[in-house]
Amino acid sequence: MAFGIIFIIIIGILIICVLASCIKIVPQAYAIVLERLGAYRTTWDTGIHFKVPFIERVARRVNLKEQVVDFPPQPVITKDNVTMQIDTVVFFQITDPKLYAYGVENPIMAIENLSATTLRNIIGDMELDETLTSREVINTQMRASLDVATDPWGIKVNRVELKNIIPPAAIQDAMEKQMKAERERREAILIAEGEKRSTILVAEGKKQSAILDAEAEKQAAILRAEAQKEKMIKEAEGQAEAVLKVQKANAEGIRMIKEAGADEAVLTLKSLEAFGKAADGRSTKIIIPSDIQGIAGLASSLKEIVTDKQGE
């Protein structure tokens, strides 16, 4: 009796375990490939699913997230026969779980071998210098080639990156020497450019200084000329004013003589005095008007004036 109860309990536990194993919960970003009697049945997406016990089974659990695979360095030969080591990083994502499960036996190994052969084909058409400066071109060509090749496997290659390009030691030494020579050349050019610029600036400074000096001298000459002109104008104005005052004084004297009732003889004498002043230091002859010559009483005075001027 006790043995029968234990047997029933065991059977019940087995049934519960079997039923529990038939319940599957698929998490987010995952998929499950289900087979029935060895043949593909369906693909389970995110959620809870039930399978028939002993008839259906989970063939593969597939990760739908983007994955990254870093492959070890691969030896490649360039067009100019230089052997180098290049390692690549491949970013891929599974888009079809069924093709991924049944397309290829080991997808990661297949991608690694495919990337190595594709890389050798691309690098084989390039020279060393072109290889070192064409990373983006190589990445683009590899991604396109791998994406086409992995499409039947349900894999989408999103990006391919060259992680390291390692040339031989001799090539590295030559490249370092070349870079050092290039840096020294650039340094020499920069020094020469600096000296040239400095010389130009000094010459420009001297030029500007000479221009400023000439401009200052010009302004000084203009100012001196203006001052001389002003001085001459003031002297001429002073002389004119003096002459005007003398003339006014003479006119005033003649007016006063007339007002005093002086006769014609006195006026004639004053005219002779004016002629004497006009000849002062500059002439020994005086031209006497005809009307003055008729005055007999003034002949002796005129003679004395002429004699005095000749003695001088």
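In which sense do β7 and strand β8 pair, and over how many bridges? β7 and strand β8 (residues 83–94) pair in the antiparallel sense over four bridges. Two strands count as paired if DSSP finds at least two bridges between them. Strands here are DSSP runs of E with at least two residues, helices are runs of H or I with at least four, and both are numbered from the N terminus.

Before going on, a word about the model. This is a predicted model, in which local features need pLDDT of at least 70 and side-chain atom pairs count only at pLDDT 80 or more, while totals for chains, interfaces and linings use all residues. Residues are numbered from 1 along each chain as its sequence is written, and side-chain values use heavy atoms, with hydrogens and water left out.

Strand β7 covers residues 74–77, and its side chains alternate. Buried means under 20% relative accessible area, exposed means over 50%, and partly exposed is in between, with a 1.4 Å probe and protein chains only. Across the pairing, P75 stands opposite Q85 in β8.

The hairpin of β7 and β8 has five residues between the strands. One of the residues in that loop is N81, and its phi is near 65°, a positive value in a residue other than glycine. Most residues other than glycine have a negative phi. N81 is exposed, with a relative accessible area of 66%.

Where else does a residue other than glycine take a positive phi? F54 does, with phi near 70°. F54 sits in the loop between β4 (47–50) and β5. At 76% relative accessibility, F54 counts as exposed.

One more loop residue is P27, between β1 (23–26) and β2. P27 counts as partly exposed, at 30% relative accessibility. P27 and I48 are 21 residues apart along the chain, and their C-alpha atoms are separated by 8.8 Å.

Next, salt bridges. A salt bridge is a side-chain nitrogen of Lys or Arg within 4 Å of a carboxyl oxygen of Asp or Glu. By this rule the count comes to nine.

One of them joins R57 and E35, whose closest N and O atoms are 3.0 Å apart. R57 lies in strand β5 (residues 56–63) and E35 in strand β2 (residues 30–36), so the pair ties together parts that are 22 residues apart in sequence. R57 is partly exposed, at 45% relative accessible area, whereas E35 is buried, at 7%.

The side chains of R36 and E56 also meet in a salt bridge, at 2.2 Å from N to O. R36 lies in strand β2 and E56 in strand β5, so this pair ties together parts that are 20 residues apart in sequence. R36 is partly exposed, with a relative accessible area of 34%. E56 is buried, with a relative accessible area of 6%. R36 and E56 are linked with R41 in a network of salt bridges.

A further salt bridge joins E217 and R224, with the closest N and O atoms 3.4 Å apart. E217 is partly exposed, with a relative accessible area of 48%.

Now a helix. Helix α3 has 17 residues, 107–123. The expected span of a helix is 1.5 Å times one less than its number of residues. For α3 that gives 24 Å, and the end C-alpha atoms are 24 Å apart, which agrees. The buried residues of α3 are P107, A110, I111, S115, A116, T118, L119, I122 and I123. An α-helix has 3.6 residues a turn, so residues three or four places apart point the same way.

Last, what lines the second largest pocket? The lining consists of L128, D129, L132, T133, I171, M175, Q178 and M179. The elements that give two or more residues to this lining are α4 (128–132) and α6 (169–259). The largest share, four residues, comes from α6. By class, the lining has five nonpolar, two polar and one charged residues. Ala, Val, Leu, Ile, Met, Phe, Trp, Tyr, Cys and Pro count as nonpolar, Asp, Glu, Lys and Arg as charged, and the others, Gly among them, as polar.

About 220 Å³ of space lies in this pocket. On a 1 Å grid over the protein atoms alone, a pocket is an open set of points with protein on both sides within 12 Å along at least five of seven lines, and lining residues have an atom within 4 Å of a point. Grid points are joined across faces, edges and corners, and a volume is the space filled by probe spheres, here of 1.4 Å, set on the points.
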